[in-house]
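Student: I have a structure open and would like to learn how to read its features one at a time. Could we go through them together?

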Amino acid sequence: MFKKVKNNVYWVGKIDWELEWFHGHDYSINRGSSQNAYLIREEKTVLVDTVWAPHKNEFVDNLKKEIDLKEIDYIIAQHGEVDHSGSLEAIVSEIPDVPIYCTANCVKSLVGQYHHPEWNFHVVKTGDELDIGNGKKLKFIEMRMLHWPDSMATFMTGDNILFSMDVFGQHYAVEEMFDDKANNCDMWSEAMKYFANIIHTFAPMCKMKMAELDKMNLPIELIAPSHGAIWRSQIPEIIQAYKDWSDNYQEDQITVIYDTMWDGTKKLAHRIAQTIKKESPDSVVKIYNISQFDKNDIMTEVFKSKAIAVGSPTVAQNMLSSVGGWMEFLKECRFKGKKAGVFGCYGWSGEACDILRKNLTESGFDVIETQAKCNWNPDEENFEAADELAKDLVAACK
């Protein structure tokens, strides 16, 4: 079903209410999602991206109900990832000579995935333009590493629409399509989660790209991302958010994250959280068990935090595997400018705190010296050590 975005520009994507996981099972979907593709019908007809392969038949059938596929003059492939390119093979099989405009890296990606080097690729770079008639042009903007090396955005003059690919997106199903029609709290929550878990790894490049967009001084009236709501009423706000989020972002929040075997480490975690709140009443304090909460939602809270405390019991001279896996994900996110502390119980050897410290340091955190390391089940002396950890972590944030 076509939905008008503006004038002769239409949304032709897929609202995916049933989607629960993304990137395999690496990213949780809590409110559905969308794969946004767009059709431009000026003197030239242009398809901007497609949808994921499981929906390709529906996608192609819906297009055919509205247009003859042979009317498509150009395809813009902004990113080779399968949620955007998954229906490309089905489209090109029916219009095999259609020009495909994309970056050089996107050619490598598409050929590597679909094995069609004969496709009619046209390589573009930042500043290149494509005339689509009626006085309108498409201007291409490379968006390297946001979040793949092949990514790009496309600005449509005249209607002043920035097709932003993954940047400014949200995994969020919204039939109403526009930001001013969506649930504002849900939309912004999903926008932050998307940035924290997917874009933040490349925050320095995002910061530079936001500065570059400023210098380009594009008269943006709509931002049409590849997932979630189209921005039309909060454009300065989402652009400013990306500037803030890519610049060592933090709020007045401290988050305690742990896993436990027989509740000893859990007891320390809750004592640390209680003492942090006493020491810093105005701070938001949250506590999460890694095995019981979604890892992406936890990571979003870490993104917001100025400090974290991470706890694990020692198991076979190591931390719990659940904590170890989560720590590898934390390292991938490349947070900067945040404080951290470590804690945990042990029975025989007690290496977990040192391993946590090493991992947090490698992940970019400034780890305080104080730790709460408890032999067996916590007693009052151990809780006092937890208090000291909490107090020193708060002090380190001042």
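Student: Which residues of helix 9 are buried?

Tutor: Buried means under 20% relative accessible area, exposed means over 50%, and partly exposed lies in between, using a 1.4 Å probe and protein chains only. The buried residues of helix 9 are Asn 296, Ile 298, Met 299, Thr 300, Glu 301, Val 302, Phe 303 and Lys 304. Helix 9 spans residues 295-304, and with eight of its 10 residues buried it is mostly covered. This is a predicted model, in which local features need pLDDT of at least 70 and side-chain atom pairs count only at pLDDT 80 or more, while totals for chains, interfaces and linings use all residues. Residues are numbered from 1 along each chain as its sequence is written, and side-chain values use heavy atoms, with hydrogens and water left out.

Student: How many helices and strands does the chain have?

Tutor: Helices (H or I, at least four residues) and strands (E, at least two) are DSSP runs, numbered from the N terminus. The chain has 12 helices and 23 strands. Of its 398 residues, 57% count as buried.

Student: Which residue caps the N-terminal end of helix 9?

Tutor: Asp 294 does, through a side-chain oxygen that lies 2.8 Å from the backbone nitrogen of Asn 296. For such pairs, a polar contact is a pair of N or O atoms within 3.5 Å; within protein, one must be able to donate a hydrogen and the other to accept it, and residues adjacent in sequence count only if both atoms are side-chain atoms.

Student: How do I read the packing of helix 9 and helix 10, and what is the angle?

Tutor: Two packed helices are described by the angle between their axes and the distance between the axes. Axes are lines fitted to C-alpha atoms, for helices over the stretch in contact, and angles run from 0 to 180 degrees between N-to-C directions. Helix 9 and helix 10 (residues 321-333) pack at about 50°, with their axes 11 Å apart. That makes helix 9 oblique to helix 10. Angles under 35 degrees count as roughly parallel, over 145 as roughly antiparallel, 65 to 115 as roughly perpendicular and the rest as oblique.

Student: Which residues of helix 9 and helix 10 meet?

Tutor: Contact means heavy atoms within 4.5 Å. Lys 295, Asn 296, Ile 298, Met 299 and Val 302 in helix 9 meet Trp 326, Phe 329, Leu 330 and Cys 333 in helix 10. These residues divide into seven nonpolar, one polar and one charged. Here Ala, Val, Leu, Ile, Met, Phe, Trp, Tyr, Cys and Pro count as nonpolar, Asp, Glu, Lys and Arg as charged, and the others, Gly among them, as polar.

Student: How are helix 10 and helix 11 placed, parallel or perpendicular?

Tutor: Helix 10 and helix 11 (residues 352-362) pack at an angle of about 20°, with their axes 9 Å apart. They are therefore roughly parallel to each other. Helix 10 contributes Val 323, Met 327, Glu 328, Leu 330 and Lys 331 to the contact, and helix 11 contributes Leu 356, Asn 359, Leu 360 and Glu 362. By class, this contact has five nonpolar, one polar and three charged residues.

Student: What should I look for in the backbone angles?

Tutor: Most residues other than glycine have a negative phi, and most peptide bonds are trans. Asn 7 has a positive phi, near 50°, and sits in the loop between strand 1 (3-6) and strand 2 (9-11). Asn 7 is partly exposed, with a relative accessible area of 40%. Asp 263 also has a positive phi, about 80°, although it is not a glycine. Asp 263 is in the loop between strand 17 (253-258) and helix 8 (264-279), and at 35% relative accessibility it counts as partly exposed.

Student: Which peptide bond is cis?

Tutor: The bond from Leu 146 to His 147 is cis, with omega near 10°. His 147 lies in the loop between strand 13 (136-142) and strand 14 (152-156).

Student: Is Lys 3 buried or exposed?

Tutor: Lys 3 is buried, with a relative accessible area of 14%. Lys 3 belongs to strand 1, and its side chain reaches the backbone oxygen of Glu 175 at 2.9 Å. Leaving aside neighbours within four places in sequence, Lys 3 is in contact with Val 9, Tyr 10, Trp 11, Glu 175 and Met 177.
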